[in-house]
Amino acid sequence: MAISLTSEQALALAPDTSVASAGQKLATGQSWQGLGRNERAAWGECKGSALYQVRVDLADLSSKCSCPSRKFPCKHAVGLLLLAAAERLPAGVPPAWVEEWLSRRTAASERKAKREAPGTQAPAPVDPEAQSRRAADRHERVRQGVEALSLWMEDLVRQGFAGLEAETAAWNTQAARLVDAQAPGLAAQVRQLAVLPGSSPHWPRTMLERLGRLALATEGWRKLEQLPPLLAADLRALVGIPLREEDVIARGERLTDRWVVIAQEVEDSERVRTQRTYLLGTTQGRTALLLQFAAGPGAHFTERFLPGTAFDAELVFWPSAAPQRAKLLERQGEVHPWTGALPSLTPEGLCQRFAQELSQQPFHEQTAALLGQVIPVLDAEGRVWLQDAAGKALRAGACDTWRLLALSGGHPLDVFVEWDGEETRPLSARVQERLYALGGTLQ
(Lines give C-alpha, C1' and ligand atoms only; values in the text may rest on other atoms or scores of the structure.)
Protein backbone atom coordinates (compact mmCIF):
# COMPACT_ATOMS: atom_id res chain seq x y z
CA MET A 1 0.00 0.00 0.00
CA ALA A 2 1.81 3.19 -1.19
CA ILE A 3 1.07 6.71 -0.01
CA SER A 4 -0.23 8.94 -2.75
CA LEU A 5 2.31 11.71 -2.21
CA THR A 6 5.86 12.09 -3.43
CA SER A 7 8.74 13.14 -1.17
CA GLU A 8 8.86 16.53 -2.90
CA GLN A 9 5.19 17.11 -2.16
CA ALA A 10 5.68 16.06 1.47
CA LEU A 11 8.55 18.54 1.82
CA ALA A 12 6.41 21.26 0.26
CA LEU A 13 4.13 21.07 3.31
CA ALA A 14 6.94 22.29 5.59
CA PRO A 15 6.40 25.89 6.74
CA ASP A 16 10.04 26.82 6.08
CA THR A 17 13.35 25.36 4.97
CA SER A 18 14.58 24.68 8.52
CA VAL A 19 11.58 22.45 9.24
CA ALA A 20 12.00 20.73 5.85
CA SER A 21 15.67 20.06 6.59
CA ALA A 22 14.93 18.76 10.10
CA GLY A 23 12.12 16.59 8.72
CA GLN A 24 14.50 15.01 6.22
CA LYS A 25 16.87 14.06 9.05
CA LEU A 26 14.00 12.33 10.82
CA ALA A 27 13.04 10.34 7.72
CA THR A 28 15.55 7.58 8.47
CA GLY A 29 13.31 5.64 10.81
CA GLN A 30 16.02 5.33 13.48
CA SER A 31 14.29 7.74 15.87
CA TRP A 32 10.88 6.16 15.51
CA GLN A 33 8.85 3.42 17.10
CA GLY A 34 5.33 2.16 16.55
CA LEU A 35 5.22 3.35 12.94
CA GLY A 36 2.16 2.43 10.88
CA ARG A 37 -0.52 3.55 8.46
CA ASN A 38 -3.87 2.53 7.06
CA GLU A 39 -6.21 4.02 4.45
CA ARG A 40 -7.03 7.00 6.67
CA ALA A 41 -3.92 7.90 8.63
CA ALA A 42 -0.20 7.53 9.29
CA TRP A 43 1.32 7.52 12.78
CA GLY A 44 4.43 6.95 14.84
CA GLU A 45 6.27 7.97 18.00
CA CYS A 46 9.47 9.95 17.54
CA LYS A 47 12.19 10.11 20.18
CA GLY A 48 13.62 13.57 20.82
CA SER A 49 13.94 15.29 24.19
CA ALA A 50 10.77 13.27 24.88
CA LEU A 51 8.75 10.63 23.03
CA TYR A 52 6.40 12.57 20.76
CA GLN A 53 3.21 11.10 19.32
CA VAL A 54 2.78 12.09 15.66
CA ARG A 55 -0.23 11.46 13.41
CA VAL A 56 -1.30 12.60 9.95
CA ASP A 57 -4.80 12.46 8.49
CA LEU A 58 -4.23 11.38 4.88
CA ALA A 59 -7.63 12.70 3.83
CA ASP A 60 -6.47 16.32 4.00
CA LEU A 61 -2.84 16.00 5.22
CA SER A 62 -3.65 17.62 8.57
CA SER A 63 -1.30 16.58 11.34
CA LYS A 64 -0.95 16.65 15.11
CA CYS A 65 2.13 16.15 17.25
CA SER A 66 2.60 16.26 21.00
CA CYS A 67 5.85 18.24 20.65
CA PRO A 68 5.91 21.92 21.76
CA SER A 69 6.76 23.32 18.31
CA ARG A 70 4.80 26.37 17.18
CA LYS A 71 5.48 25.61 13.54
CA PHE A 72 2.84 23.68 11.70
CA PRO A 73 3.35 21.00 10.53
CA CYS A 74 6.33 20.36 12.79
CA LYS A 75 9.52 18.54 11.77
CA HIS A 76 8.18 15.28 13.21
CA ALA A 77 5.07 15.39 11.00
CA VAL A 78 7.18 16.21 7.94
CA GLY A 79 9.49 13.29 8.80
CA LEU A 80 6.52 10.95 9.14
CA LEU A 81 5.16 12.05 5.76
CA LEU A 82 8.55 11.46 4.15
CA LEU A 83 8.65 7.96 5.61
CA ALA A 84 5.17 7.34 4.25
CA ALA A 85 6.12 8.70 0.81
CA ALA A 86 9.09 6.31 0.77
CA GLU A 87 6.69 3.42 1.57
CA ARG A 88 8.47 2.72 4.85
CA LEU A 89 5.34 2.56 6.99
CA PRO A 90 3.88 -0.89 7.62
CA ALA A 91 0.13 -1.37 7.32
CA GLY A 92 -1.49 -1.70 10.70
CA VAL A 93 -4.25 -0.84 13.11
CA PRO A 94 -3.97 2.66 14.59
CA PRO A 95 -3.33 2.87 18.34
CA ALA A 96 -5.90 4.41 20.65
CA TRP A 97 -4.32 7.91 20.62
CA VAL A 98 -4.64 7.99 16.82
CA GLU A 99 -8.19 6.60 16.82
CA GLU A 100 -9.22 9.19 19.39
CA TRP A 101 -7.79 12.04 17.29
CA LEU A 102 -9.45 10.75 14.10
CA SER A 103 -12.77 10.39 15.91
CA ARG A 104 -12.61 14.00 17.10
CA ARG A 105 -11.83 15.18 13.57
CA THR A 106 -14.70 13.16 12.12
CA ALA A 107 -17.11 14.54 14.71
CA ALA A 108 -15.95 18.10 14.07
CA SER A 109 -16.36 17.59 10.32
CA GLU A 110 -19.88 16.26 10.81
CA ARG A 111 -20.80 19.18 13.06
CA LYS A 112 -19.47 21.62 10.47
CA ALA A 113 -21.37 19.90 7.64
CA LYS A 114 -24.55 19.94 9.69
CA ARG A 115 -24.06 23.58 10.62
CA GLU A 116 -23.49 24.59 6.98
CA ALA A 117 -26.22 22.44 5.44
CA PRO A 118 -28.99 24.56 3.89
CA GLY A 119 -32.01 24.91 6.12
CA THR A 120 -30.38 23.33 9.17
CA GLN A 121 -28.79 26.38 10.71
CA ALA A 122 -30.29 27.69 13.87
CA PRO A 123 -31.95 31.01 13.16
CA ALA A 124 -29.80 33.86 14.33
CA PRO A 125 -31.47 36.21 16.79
CA VAL A 126 -31.73 39.29 14.60
CA ASP A 127 -33.81 42.40 14.88
CA PRO A 128 -35.17 42.95 11.33
CA GLU A 129 -35.83 46.63 11.89
CA ALA A 130 -32.38 47.28 13.31
CA GLN A 131 -30.82 45.22 10.53
CA SER A 132 -32.73 47.14 7.87
CA ARG A 133 -31.78 50.45 9.50
CA ARG A 134 -28.10 49.54 9.57
CA ALA A 135 -28.22 48.49 5.91
CA ALA A 136 -29.93 51.75 4.93
CA ASP A 137 -27.41 53.79 6.92
CA ARG A 138 -24.49 52.04 5.25
CA HIS A 139 -26.03 52.38 1.79
CA GLU A 140 -26.38 56.13 2.36
CA ARG A 141 -22.78 56.48 3.58
CA VAL A 142 -21.52 54.51 0.56
CA ARG A 143 -23.69 56.67 -1.71
CA GLN A 144 -22.13 59.83 -0.33
CA GLY A 145 -18.66 58.33 -0.70
CA VAL A 146 -19.37 57.28 -4.30
CA GLU A 147 -20.64 60.76 -5.19
CA ALA A 148 -17.52 62.37 -3.69
CA LEU A 149 -15.33 59.90 -5.60
CA SER A 150 -17.14 60.66 -8.85
CA LEU A 151 -16.60 64.41 -8.37
CA TRP A 152 -12.93 63.87 -7.48
CA MET A 153 -12.37 61.81 -10.67
CA GLU A 154 -14.07 64.45 -12.81
CA ASP A 155 -11.75 67.11 -11.34
CA LEU A 156 -8.77 64.85 -11.99
CA VAL A 157 -9.61 64.44 -15.66
CA ARG A 158 -10.54 68.11 -16.05
CA GLN A 159 -7.24 69.34 -14.58
CA GLY A 160 -5.10 66.78 -16.45
CA PHE A 161 -2.48 64.34 -15.25
CA ALA A 162 0.48 66.73 -15.31
CA GLY A 163 2.03 66.89 -11.87
CA LEU A 164 0.56 63.60 -10.66
CA GLU A 165 3.99 61.99 -10.53
CA ALA A 166 4.89 64.28 -7.62
CA GLU A 167 1.49 63.92 -5.94
CA THR A 168 1.00 61.45 -3.10
CA ALA A 169 -1.24 63.02 -0.46
CA ALA A 170 -4.35 63.31 -2.66
CA TRP A 171 -4.56 59.56 -3.23
CA ASN A 172 -4.27 58.77 0.46
CA THR A 173 -6.81 61.43 1.35
CA GLN A 174 -9.34 60.14 -1.14
CA ALA A 175 -8.78 56.52 -0.08
CA ALA A 176 -9.28 57.48 3.57
CA ARG A 177 -12.56 59.21 2.73
CA LEU A 178 -13.80 56.04 1.04
CA VAL A 179 -12.84 53.97 4.08
CA ASP A 180 -14.83 56.40 6.23
CA ALA A 181 -17.72 55.92 3.80
CA GLN A 182 -17.52 52.14 4.43
CA ALA A 183 -16.39 51.46 0.85
CA PRO A 184 -12.99 49.78 1.44
CA GLY A 185 -13.04 48.08 -1.96
CA LEU A 186 -13.14 51.41 -3.77
CA ALA A 187 -10.45 52.74 -1.41
CA ALA A 188 -8.19 49.87 -2.51
CA GLN A 189 -8.85 50.77 -6.15
CA VAL A 190 -7.77 54.37 -5.50
CA ARG A 191 -4.57 53.18 -3.78
CA GLN A 192 -3.79 51.10 -6.88
CA LEU A 193 -4.13 54.26 -8.98
CA ALA A 194 -1.53 55.99 -6.81
CA VAL A 195 1.30 53.76 -8.07
CA LEU A 196 0.57 54.41 -11.77
CA PRO A 197 2.05 57.92 -12.34
CA GLY A 198 5.52 57.50 -13.78
CA SER A 199 5.37 53.69 -13.66
CA SER A 200 5.70 53.30 -17.45
CA PRO A 201 5.78 55.47 -20.58
CA HIS A 202 2.12 54.66 -21.17
CA TRP A 203 0.85 55.30 -17.64
CA PRO A 204 -1.62 58.10 -18.63
CA ARG A 205 -3.49 55.65 -20.87
CA THR A 206 -3.59 53.06 -18.09
CA MET A 207 -4.76 55.75 -15.67
CA LEU A 208 -7.62 56.71 -17.97
CA GLU A 209 -8.68 53.07 -18.34
CA ARG A 210 -8.68 52.53 -14.57
CA LEU A 211 -10.61 55.74 -13.99
CA GLY A 212 -13.10 54.57 -16.62
CA ARG A 213 -13.68 51.33 -14.69
CA LEU A 214 -14.15 53.28 -11.47
CA ALA A 215 -16.59 55.60 -13.23
CA LEU A 216 -18.52 52.55 -14.42
CA ALA A 217 -18.71 51.33 -10.83
CA THR A 218 -19.90 54.69 -9.48
CA GLU A 219 -22.55 54.92 -12.20
CA GLY A 220 -23.61 51.34 -11.50
CA TRP A 221 -23.99 52.10 -7.79
CA ARG A 222 -26.47 54.86 -8.64
CA LYS A 223 -28.61 52.25 -10.42
CA LEU A 224 -27.93 49.36 -8.08
CA GLU A 225 -31.59 48.47 -7.62
CA GLN A 226 -32.02 48.13 -11.40
CA LEU A 227 -29.13 45.69 -11.88
CA PRO A 228 -29.63 41.92 -12.20
CA PRO A 229 -29.08 40.25 -8.79
CA LEU A 230 -25.78 38.58 -9.69
CA LEU A 231 -24.33 41.76 -11.19
CA ALA A 232 -25.48 43.73 -8.14
CA ALA A 233 -23.65 41.16 -5.99
CA ASP A 234 -20.49 41.78 -8.03
CA LEU A 235 -20.80 45.53 -7.56
CA ARG A 236 -21.31 45.20 -3.79
CA ALA A 237 -18.18 43.04 -3.65
CA LEU A 238 -16.23 45.64 -5.65
CA VAL A 239 -17.36 48.40 -3.29
CA GLY A 240 -16.26 46.29 -0.36
CA ILE A 241 -19.49 45.06 1.19
CA PRO A 242 -18.76 41.47 2.24
CA LEU A 243 -21.18 38.59 1.90
CA ARG A 244 -21.49 36.30 4.92
CA GLU A 245 -20.35 32.73 4.31
CA GLU A 246 -23.78 31.39 5.28
CA ASP A 247 -25.28 33.56 2.52
CA VAL A 248 -22.70 32.26 0.05
CA ILE A 249 -23.58 28.69 0.99
CA ALA A 250 -27.29 29.39 0.66
CA ARG A 251 -27.15 31.37 -2.59
CA GLY A 252 -23.99 30.30 -4.42
CA GLU A 253 -23.63 27.86 -7.30
CA ARG A 254 -22.50 24.40 -6.18
CA LEU A 255 -20.22 22.21 -8.24
CA THR A 256 -18.79 18.74 -7.58
CA ASP A 257 -15.73 17.61 -9.50
CA ARG A 258 -12.26 16.13 -9.13
CA TRP A 259 -10.18 19.23 -8.46
CA VAL A 260 -6.46 19.63 -9.12
CA VAL A 261 -4.52 22.19 -7.10
CA ILE A 262 -3.00 23.96 -10.09
CA ALA A 263 -1.38 27.05 -8.53
CA GLN A 264 -0.85 28.69 -5.17
CA GLU A 265 0.54 31.94 -3.80
CA VAL A 266 1.15 33.10 -0.25
CA GLU A 267 1.53 36.79 0.59
CA ASP A 268 2.55 38.17 3.96
CA SER A 269 1.70 41.69 5.01
CA GLU A 270 2.31 43.31 8.38
CA ARG A 271 -0.84 41.86 9.96
CA VAL A 272 -2.41 39.41 7.52
CA ARG A 273 -1.18 36.34 5.68
CA THR A 274 -3.13 35.57 2.50
CA GLN A 275 -3.14 32.37 0.50
CA ARG A 276 -4.58 32.26 -3.03
CA THR A 277 -5.14 28.73 -4.31
CA TYR A 278 -6.42 27.93 -7.78
CA LEU A 279 -8.26 24.66 -8.43
CA LEU A 280 -8.95 23.26 -11.90
CA GLY A 281 -11.87 20.86 -12.39
CA THR A 282 -10.72 17.81 -14.36
CA THR A 283 -14.08 16.96 -15.94
CA GLN A 284 -15.79 20.32 -16.35
CA GLY A 285 -12.75 22.56 -16.80
CA ARG A 286 -13.96 25.17 -14.31
CA THR A 287 -11.43 27.24 -12.41
CA ALA A 288 -12.01 28.13 -8.76
CA LEU A 289 -10.09 30.55 -6.55
CA LEU A 290 -9.90 29.71 -2.84
CA LEU A 291 -8.83 32.50 -0.48
CA GLN A 292 -7.58 31.88 3.03
CA PHE A 293 -6.51 34.47 5.57
CA ALA A 294 -4.48 34.11 8.77
CA ALA A 295 -3.41 36.59 11.40
CA GLY A 296 0.21 37.65 11.00
CA PRO A 297 3.20 36.55 8.92
CA GLY A 298 4.02 32.85 9.22
CA ALA A 299 0.60 31.88 10.59
CA HIS A 300 -0.85 28.61 9.29
CA PHE A 301 -4.10 28.27 7.39
CA THR A 302 -7.00 26.12 8.46
CA GLU A 303 -7.05 24.04 5.27
CA ARG A 304 -4.17 22.60 3.24
CA PHE A 305 -4.03 22.47 -0.54
CA LEU A 306 -0.87 20.96 -2.01
CA PRO A 307 -0.04 21.97 -5.62
CA GLY A 308 0.00 19.01 -7.98
CA THR A 309 -2.46 16.95 -5.96
CA ALA A 310 -6.13 16.25 -6.60
CA PHE A 311 -9.21 15.45 -4.54
CA ASP A 312 -12.94 15.02 -5.05
CA ALA A 313 -14.96 17.81 -3.50
CA GLU A 314 -18.05 19.96 -3.67
CA LEU A 315 -17.40 23.70 -3.98
CA VAL A 316 -19.77 26.62 -3.68
CA PHE A 317 -19.02 29.79 -5.67
CA TRP A 318 -19.64 33.33 -4.47
CA PRO A 319 -22.73 34.69 -6.27
CA SER A 320 -21.47 36.46 -9.38
CA ALA A 321 -22.27 37.01 -13.04
CA ALA A 322 -18.85 35.46 -13.74
CA PRO A 323 -18.13 33.23 -10.71
CA GLN A 324 -14.52 32.78 -9.73
CA ARG A 325 -14.07 32.79 -5.95
CA ALA A 326 -15.23 29.61 -4.25
CA LYS A 327 -15.37 27.88 -0.88
CA LEU A 328 -14.64 24.21 -0.23
CA LEU A 329 -17.78 22.61 1.15
CA GLU A 330 -16.86 18.96 1.47
CA ARG A 331 -13.73 17.05 0.54
CA GLN A 332 -14.34 13.41 -0.38
CA GLY A 333 -11.73 10.66 -0.33
CA GLU A 334 -7.97 10.90 -0.15
CA VAL A 335 -5.64 13.51 -1.56
CA HIS A 336 -3.51 12.03 -4.33
CA PRO A 337 -1.07 13.23 -7.02
CA TRP A 338 -2.61 14.08 -10.39
CA THR A 339 -0.78 12.74 -13.43
CA GLY A 340 -3.60 12.68 -15.97
CA ALA A 341 -4.60 15.13 -18.65
CA LEU A 342 -6.04 18.52 -17.70
CA PRO A 343 -8.54 20.68 -19.58
CA SER A 344 -6.79 23.63 -21.18
CA LEU A 345 -7.38 26.56 -23.52
CA THR A 346 -5.52 28.01 -26.45
CA PRO A 347 -4.48 31.69 -26.26
CA GLU A 348 -7.36 32.46 -28.61
CA GLY A 349 -9.76 30.49 -26.41
CA LEU A 350 -8.59 32.37 -23.31
CA CYS A 351 -9.23 35.74 -25.00
CA GLN A 352 -12.70 34.62 -26.05
CA ARG A 353 -13.54 33.39 -22.56
CA PHE A 354 -12.41 36.66 -20.98
CA ALA A 355 -14.48 38.62 -23.49
CA GLN A 356 -17.49 36.44 -22.65
CA GLU A 357 -17.00 37.02 -18.92
CA LEU A 358 -16.61 40.77 -19.43
CA SER A 359 -19.87 40.84 -21.35
CA GLN A 360 -21.55 39.28 -18.30
CA GLN A 361 -19.61 41.12 -15.59
CA PRO A 362 -18.04 44.42 -16.74
CA PHE A 363 -16.17 44.87 -13.43
CA HIS A 364 -14.27 41.64 -14.05
CA GLU A 365 -10.53 42.34 -13.96
CA GLN A 366 -8.98 39.00 -14.82
CA THR A 367 -9.60 35.35 -15.51
CA ALA A 368 -7.42 32.29 -14.99
CA ALA A 369 -6.90 29.19 -17.12
CA LEU A 370 -4.40 26.56 -18.18
CA LEU A 371 -2.82 27.39 -21.54
CA GLY A 372 -2.11 24.09 -23.28
CA GLN A 373 1.15 23.42 -25.15
CA VAL A 374 2.57 26.90 -25.52
CA ILE A 375 6.22 27.81 -26.04
CA PRO A 376 7.76 30.79 -24.19
CA VAL A 377 9.61 32.94 -26.74
CA LEU A 378 11.61 36.16 -26.39
CA ASP A 379 11.02 39.09 -28.71
CA ALA A 380 13.58 41.68 -29.82
CA GLU A 381 12.84 43.83 -26.75
CA GLY A 382 13.43 40.95 -24.35
CA ARG A 383 9.76 40.43 -23.53
CA VAL A 384 8.43 36.89 -23.09
CA TRP A 385 5.42 35.65 -25.06
CA LEU A 386 3.48 32.38 -24.75
CA GLN A 387 2.93 31.13 -28.29
CA ASP A 388 0.89 28.17 -29.50
CA ALA A 389 1.37 26.05 -32.61
CA ALA A 390 -0.99 28.30 -34.60
CA GLY A 391 1.25 31.31 -33.94
CA LYS A 392 -1.17 33.06 -31.55
CA ALA A 393 0.79 34.56 -28.65
CA LEU A 394 0.02 36.33 -25.37
CA ARG A 395 2.55 38.50 -23.56
CA ALA A 396 3.83 37.11 -20.27
CA GLY A 397 4.10 39.54 -17.37
CA ALA A 398 5.95 39.30 -14.09
CA CYS A 399 6.99 35.78 -13.12
CA ASP A 400 10.10 33.64 -12.73
CA THR A 401 10.91 34.14 -16.43
CA TRP A 402 14.17 32.26 -16.52
CA ARG A 403 12.64 29.25 -14.79
CA LEU A 404 9.81 29.30 -17.31
CA LEU A 405 12.30 29.38 -20.21
CA ALA A 406 14.42 26.64 -18.64
CA LEU A 407 11.43 24.38 -18.03
CA SER A 408 10.42 24.77 -21.66
CA GLY A 409 13.83 24.45 -23.27
CA GLY A 410 12.18 25.52 -26.52
CA HIS A 411 9.49 22.82 -26.27
CA PRO A 412 5.77 23.30 -25.62
CA LEU A 413 4.45 23.05 -22.07
CA ASP A 414 1.23 23.80 -20.19
CA VAL A 415 1.22 27.12 -18.28
CA PHE A 416 -1.45 28.21 -15.80
CA VAL A 417 -1.94 31.97 -16.08
CA GLU A 418 -4.04 34.90 -14.98
CA TRP A 419 -5.08 37.06 -17.94
CA ASP A 420 -6.22 40.70 -17.62
CA GLY A 421 -6.80 41.38 -21.31
CA GLU A 422 -3.31 42.76 -21.91
CA GLU A 423 -0.82 40.31 -20.49
CA THR A 424 -0.68 37.01 -18.70
CA ARG A 425 0.77 36.38 -15.26
CA PRO A 426 2.18 32.82 -15.30
CA LEU A 427 1.66 31.11 -11.95
CA SER A 428 2.75 27.54 -12.65
CA ALA A 429 3.96 25.28 -15.45
CA ARG A 430 3.35 21.59 -16.03
CA VAL A 431 6.12 19.51 -17.57
CA GLN A 432 5.91 15.73 -17.90
CA GLU A 433 2.99 15.64 -15.44
CA ARG A 434 4.90 17.58 -12.77
CA LEU A 435 3.86 21.02 -11.60
CA TYR A 436 6.36 23.84 -11.03
CA ALA A 437 5.65 27.19 -9.39
CA LEU A 438 6.52 30.36 -11.28
CA GLY A 439 5.44 32.91 -8.73
CA GLY A 440 7.65 32.09 -5.76
CA THR A 441 5.23 29.92 -3.76
CA LEU A 442 6.07 26.71 -1.96
CA GLN A 443 6.26 23.76 -4.28
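Tutor: Start with the crossing: helix H5 passes helix H6 in a left-handed crossing. Keep in mind that this model is predicted. H5 covers residues 128-159, and H6 covers residues 169-180. Their axes lie 8 Å apart, and the packing angle is about 160°. Angles over 145 degrees count as roughly antiparallel, so H5 is roughly antiparallel to H6.

Now the residues in contact. H5 contributes Arg141, Gly145, Ala148, Leu149, Trp152 and Leu156. From H6 come Ala170, Trp171, Gln174, Leu178 and Asp180. Sorted by class, the contact of H5 with H6 has seven nonpolar residues, two polar ones and two charged ones.

Next, the sheet. Four strands form an open sheet, ordered S1-S2-S3-S4, with antiparallel pairing. Strand S1 (32-37) and strand S4 (62-65) are the edge strands, and each pairs on one side only. On average, neighbouring strands of this sheet are turned by 10° against each other, direction ignored.

S3 spans residues 51-57 and runs antiparallel to S4, with four bridges joining them. Within this pair, Val54 of S3 stands opposite Cys65 in S4.

A helix packs here too. Helix H3 (residues 75-85) packs on the sheet and touches S1, strand S2 (41-47), S3 and S4. The direction of H3 makes about 60° with that of S3. Compare the listed angles for yourself: about 160° for H5 with H6, about 60° for H3 with S3.

Conventions: Residues numbered from 1 in each chain as written. Predicted model: local features only at pLDDT ≥ 70, side-chain atom pairs only at ≥ 80, totals over all residues. Heavy atoms only, no water. Pairing = 2+ DSSP bridges. Helix = DSSP H or I, 4+ residues; strand = E, 2+ residues; numbered from the N terminus. Axes fitted to C-alpha atoms, helices over the stretch in contact; angles between N-to-C directions. Contact = heavy atoms within 4.5 Å. Parallel < 35°, antiparallel > 145°, perpendicular 65-115°, else oblique. Left-handed = near helix turned anticlockwise from the far one by under 90°. Nonpolar A, V, L, I, M, F, W, Y, C, P; charged D, E, K, R; others polar.
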